[in-house]
Amino acid sequence: MREAITPGLDEAGTQFLDYIGFEVDANPRPMPSSPPAAGAFQTEATGVLDSWAFGETTIADAVERVFAVGEEQLTG
């Protein structure tokens, strides 16, 4: 398929296609696992940032809460 569409591509398209070919031919790299409680932090942080975005809290309070959540997750 790559050989069939390459002649009609500009330089950027050709470079992109070359990169895709490289990725297809490369050995798969394992994804690193997420640290424990990473999902809990993300969920809580998203909620705090949503509260700020909707004017329910100040930026200072949102930052304080995000850091507090991070500390809670790191220290258990």
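Where in the structure is Asp-10 found? Asp-10 sits in the loop between α1 and α2, and this briefing takes that position as one of its starting points in a model that is predicted. The chain averages a pLDDT of 86, and 100% of the residues score at least 70. Within the chain, confidence is lowest in helix α1 (residues 2–5), where the mean is 82, and highest in α2, where the mean is 89.

- Asp-10 and Thr-43 are 33 residues apart in sequence, and their C-alpha atoms are 42 Å apart in space.

- With a relative accessibility of 56%, Val-24 counts as exposed, whereas Tyr-19 is partly exposed, its relative accessible area being 47%.
- The structure holds 1 aromatic pair, and this pair is formed by Tyr-19 and Phe-22, whose rings are tilted at 35° between the planes and lie 6.3 Å apart, centre to centre.
- The angle explains the label, because planes under 30 degrees apart would count as stacked and planes over 60 as edge-to-face, with the rest counted as tilted.
- Tyr-19 and Phe-22 are separated by about one helical turn because they are 3 residues apart in helix α2.
- An α-helix has 3.6 residues a turn, so residues three or four places apart point the same way.

**Helix α3 and what follows it**

- Helix α3 comprises the 16 residues 38–53, which at 1.5 Å a residue should span 22 Å, and the distance between its end C-alpha atoms, also 22 Å, agrees with that expectation.
- The expected span is taken as 1.5 Å times one less than the number of residues.
- Leu-49 lies in helix α3 and counts as partly exposed, with a relative accessibility of 42%.
- Leu-49 and Ile-59 are 10 residues apart along the chain, and their C-alpha atoms are separated by 8.6 Å.
- After α3 comes Gly-55, a residue whose phi is positive, near 75°.

- Side chains of opposite charge can pair when their charged atoms come close.
- The count for this structure comes to 2 salt bridges.
- In one of them, the side chains of Arg-65 and Glu-44 meet at 3.3 Å, N to O.
- Arg-65 lies in helix α4 (residues 59–75) and Glu-44 in helix α3, so this pair ties together parts that are 21 residues apart in sequence.
- Arg-65 also forms a salt bridge with Glu-72, and here the closest N and O atoms are 3.2 Å apart.
- Through these shared partners, the salt bridges join Glu-44, Arg-65 and Glu-72 into one network.

Notes
Residues are numbered from 1 along each chain as its sequence is written. This is a predicted model: local features need pLDDT of at least 70, side-chain atom pairs count only at pLDDT 80 or more; totals for chains, interfaces and linings use all residues. Side-chain values use heavy atoms; hydrogens and water are left out. Buried means under 20% relative accessible area, exposed over 50%, partly exposed in between (1.4 Å probe, protein chains only). Rings of Phe, Tyr and Trp (its six-membered ring) pair if their centres lie within 6.5 Å; planes under 30 degrees apart count as stacked, over 60 as edge-to-face and the rest as tilted. Helices (H or I, at least four residues) and strands (E, at least two) are DSSP runs, numbered from the N terminus. pLDDT is the predictor's confidence in each residue, from 0 to 100. A salt bridge is a side-chain nitrogen of Lys or Arg within 4 Å of a carboxyl oxygen of Asp or Glu.
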